[in-house]
Amino acid sequence: MGCCRFLFVSRAFNKVLTQPRIPLSLTYRRFLATDSSHRKKNYLWLQWGFFFACTAAIAYFSTYAVSGGKDTMRQISSNLGQIAIGGDFRLRDQTGMEVTLTDFKGKWVLIYFGFCRCPDICPEQLERIVEIQERLGLYGKDKDFVPIFITVDPERDTPEVVGEYVKEFSPKLVGLTGSPDQIKITAKRYRIYYSKGPPDRDGDYIVDHTVVMYLLNPKGEFVEFYGQVKPVQEIVRRIMDHMKKY
């Protein structure tokens, strides 16, 4: 009986020993693979969660920008512009009469700084201003619009010279000049740079200056500016939009 029991245990033990065994390294790799799979699933859920959170945030802020955000930023920009650019001036028109910005109260004003002996840029810009006024006239808006030319060469551009100059473009174009100090103060308020160049043999010189148009509302407040190459039709559209919203 004891011998049979010994043979049974011996055979069972031999069977265990003869079974193919899985290497420890393979078992460990399977464990890691299983654990890695769980980690990948968890990481995938985190990715999707982050994606949906970002999408919701973008949608919210986009909606805010389209509705109230744009109006808020536009108001802030407008307020900053009113503080930084513009202001009253005291100059003389082409008839020699003293004028201030208050004299144009109730009108939309488009101001351009230049000088009468400018060879090319100033005539081009003044022609653009006249075209702007003519296009506004097609919509009946020219009566509420005043184009103004302010010289940055007061030594040569007297009221008589300015009068003859602006008359070449339009009888509705207002020309303003003043003393060197008055022009300096006005240019500073409107952030206009100008500098007299060296004279030639005949004593003639060119004045380097900022090329920009400034739009003021009927209260005399700065609204926006237009650069040298901005299309006339775009300027007209912008001005009419401001007139409509005012």
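Let's start with helix H3 (residues 121–138), which lies across strand E3 (108–114), strand E4 (145–151) and strand E8 (213–216), and runs at about 170 degrees to E3. Helices (H or I, at least four residues) and strands (E, at least two) are DSSP runs, numbered from the N terminus. Angles go from 0 to 180 degrees between N-to-C directions, with axes fitted as lines to C-alpha atoms, for helices over the stretch in contact. Helix H4 (residues 159–167) packs on the sheet too, touching E1, E4 and strand E5 (174–177), and its direction makes about 155 degrees with that of E5. Contact here means heavy atoms within 4.5 Å.

A word on what you're looking at: this is a predicted model, where local features need pLDDT of at least 70 and side-chain atom pairs count only at pLDDT 80 or more, while totals for chains, interfaces and linings use all residues. Residues are numbered from 1 along each chain as its sequence is written, and side-chain values use heavy atoms, leaving out hydrogens and water.

Now for the sheet itself. Seven strands form an open sheet with mixed pairing, in the order E2-E1-E5-E4-E3-E8-E9. E2 and strand E9 (222–226) sit at the edges with a single partner strand each, so one side of each has no neighbour in the sheet. On average, neighbouring strands of this sheet are turned by 35 degrees against each other, direction ignored. Two strands count as paired if DSSP finds at least two bridges between them. Strands of a sheet pair through backbone hydrogen bonds, either parallel or antiparallel. Strand E1 (residues 90–93) and E2 run antiparallel, joined by three bridges.

Let's zoom in on Val 99, which belongs to strand E2 (residues 98–100). Its bridge partner is Leu 91. Is Val 99 buried or exposed? Val 99 is buried, with a relative accessible area of 8%; buried means under 20%, exposed over 50% and partly exposed in between, using a 1.4 Å probe and protein chains only. Leaving aside residues up to four places away in sequence, Val 99 touches Phe 89, Arg 90, Leu 91, Asp 93 and Leu 176. Leu 176 is 77 residues away along the chain, yet the two C-alpha atoms are separated by 8.5 Å.

Stepping back, the chain has six helices and nine strands in total. Of its 246 residues, 34% count as buried. Among contacts between residues at least 6 apart in sequence, 68% join residues at least 24 apart.
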